[in-house]
Amino acid sequence: MTSKNRLRQFFFPSITPKFLLRVVGVALSAYLVFSYVLIPIHIQGSSMEPTYHNGSINFCWTLSPLFSKPRRHDVVTVHLAGHSVMLLKRIIALEGERIEFRDGKLLVDGNKIDEPYVRYPCDWNLPPRQVEQGSVYVVGDNRNMPIEDHLFGQTSINRIVGVPLW
Amino acid sequence: MVKTVSQGQTRSSIQTPGQDNLSRPTSGQVGQRRRTPPRPSLSLLAAVKKHPVIAVLALILSVLAVFTLFPSEKKKVKKQFEALSRVVSKEPGENVFTTARKAKEIVPLFDENCELIMPADSVSGYFSRGEITSYAIRGRTQFSDLSLTFVDLSITFPDRGTAKVVLTAKLKGKGVNGDKVDETREVKSTLKKIERKWLFVAFEVVEVLKK
C-alpha cells in the first residue's frame, strides 16, 4: 500500500464491521473516562485565586480519594446534588481537629498553620469550632473578601469527588 | 401482433380490440377468485421490506408522539421546575405586563401551604401560597436581570402522590444597584400530586458547607 493510499485510508476509512466496532469502543471509553474518571471542569468564580483562576479549564481526577485519604492543604472538588456543579476548595482541617481564624491567621488545635498559597491580605476572625467525625473543613485560597461573602465550612468526606489534575 | 410481454402479464390477459373482457375463466383464475385477500400484517411486512427507511422513521415518530402525548410522572415533575425557573427568571428591561403575568403564574405552582427551610438564613416554617408569591415578586424587584436554573435533578417517588427531588439550584443575576449575584445551592424539594397537578409543598436548602 502506498503512503498516499495509507493516508487516504486513515482519513477516509472503509466502513467495515471491524471499523464500526473500533469507533464504538473509542466512543464508549471516552464517555466512561470523561464522565467518571477525569471529569472536565470549568472554574467559575474567584474564591481559589490566585491558585486557580476564574474561567480556567481543568479535570477532576476522581480516583484520587480511592488511593489516599484527604490531607491538609489538598485542593478538592465537593459535589452538590450531582456532578454538573461542584465546589473547588482547599482542606485546612481534618476530622476531630479544632479550627479557628485569628486576624487572618489559621489556627488548628491552637497551632498556627503556614499557608503559602494565601497570597492576598486577610483579616478574618472565626471563633474556634471542632470538625465533626467523617468531615473535613474546606476554605478557598482567596480570603481577601469579607468572611460573610466567602463560601466555606465543614463538609462530609463522602462529598469529595476528587482533586484537580493540575 | 404482440411481441413483447410486460412483466406479470400473461398472454391470455392481453386484450385485442373487440375481444370480450368476460372470457371464461381458466381453472387457475377460479382458484385465485376463491382465495382470501392477503392479511394486513403480511402487507405491512411487505411495505416495511419495501421501504425500510420510511418504516424506521414512522416508528421513531410514533415513539416520540407517545412520549410527548403521554409524559411520564418524572417529566411532569421536571416541567414544574422548568415553570418555576421561567417565572422567577427576569430579562433585563422586563416590562410591567410580563412582570404581572409572571406573578400570576407563580401562584398555581405551589400548594396552599409550603414549608421553607433555609438554615443559613435562619428561615424555617410554613408559608402560604400568597406569602411565597409576594416574597418572589419582592425578590424579583431587587434584580435588573435574574436567572434561576435547576440542574442534576434526582427524582424519586416514595409513595404514589409524592415526589422527592434533590437538585442543584443556580441563581445568577445583577442587582438594581449593580451588585452581581452568583449563588449555587443544593436543594431538597417535595411535590404532592393534587388534582392531577404536581405542586411544590416543601423546599429545604442543604448546608453542604457548615461554617
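Q: How many residues of chain A are in contact with chain B?
A: This is a predicted model. In it, 14 residues of chain A are in contact with 14 residues of chain B.

Q: Which strand gives the largest share of that side of chain A?
A: Strand S10 of chain A, residues 153–156. It supplies three residues of the side that touches chain B.

Q: And how do the residues on that side divide into nonpolar, polar and charged?
A: Seven are nonpolar, six are polar and one is charged.

Q: New topic. How many helices and strands are there in chain A?
A: Three helices and eleven strands. Along the sequence the pattern is α-α-β-β-α-β-β-β-β-β-β-β-β-β.

Q: Why is chain A called more spread out than a compact globule?
A: Its radius of gyration is 22 Å. The globule rule gives 15 Å for 166 residues, and 22 Å is well over that, so chain A is more spread out than a compact globule. The C-alpha trace of chain A spans about 75 × 30 × 25 Å along its principal axes.

Q: What percentage of chain A is buried?
A: Buried residues make up 23% of the 166 residues.

Q: Back to strands. Do S2 and S11 of chain A run parallel or antiparallel?
A: Antiparallel. Two bridges join S2, residues 57–61, to S11, residues 160–164. A:Cys60 stands opposite A:Pro164 in S11(A).

Q: In which sense does strand S3 of chain A pair with S11(A)?
A: In the antiparallel sense, over two bridges. S3 covers residues 75–79.

Q: What is the bridge partner of A:Val78 in S11(A)?
A: A:Ile160.

Technical notes:
Residues numbered from 1 in each chain as written. Chains lettered and ligands numbered in written order. Predicted model: local features only at pLDDT ≥ 70, side-chain atom pairs only at ≥ 80, totals over all residues. Helix = DSSP H or I, 4+ residues; strand = E, 2+ residues; numbered from the N terminus. Rg over C-alpha atoms; globule rule 2.2 N^0.38 Å. Buried ≥ 20, exposed ≤ 12 C-beta atoms within 10 Å, placed from the backbone. Contact = placed C-beta atoms within 7 Å. Nonpolar A, V, L, I, M, F, W, Y, C, P; charged D, E, K, R; others polar. Pairing = 2+ DSSP bridges.
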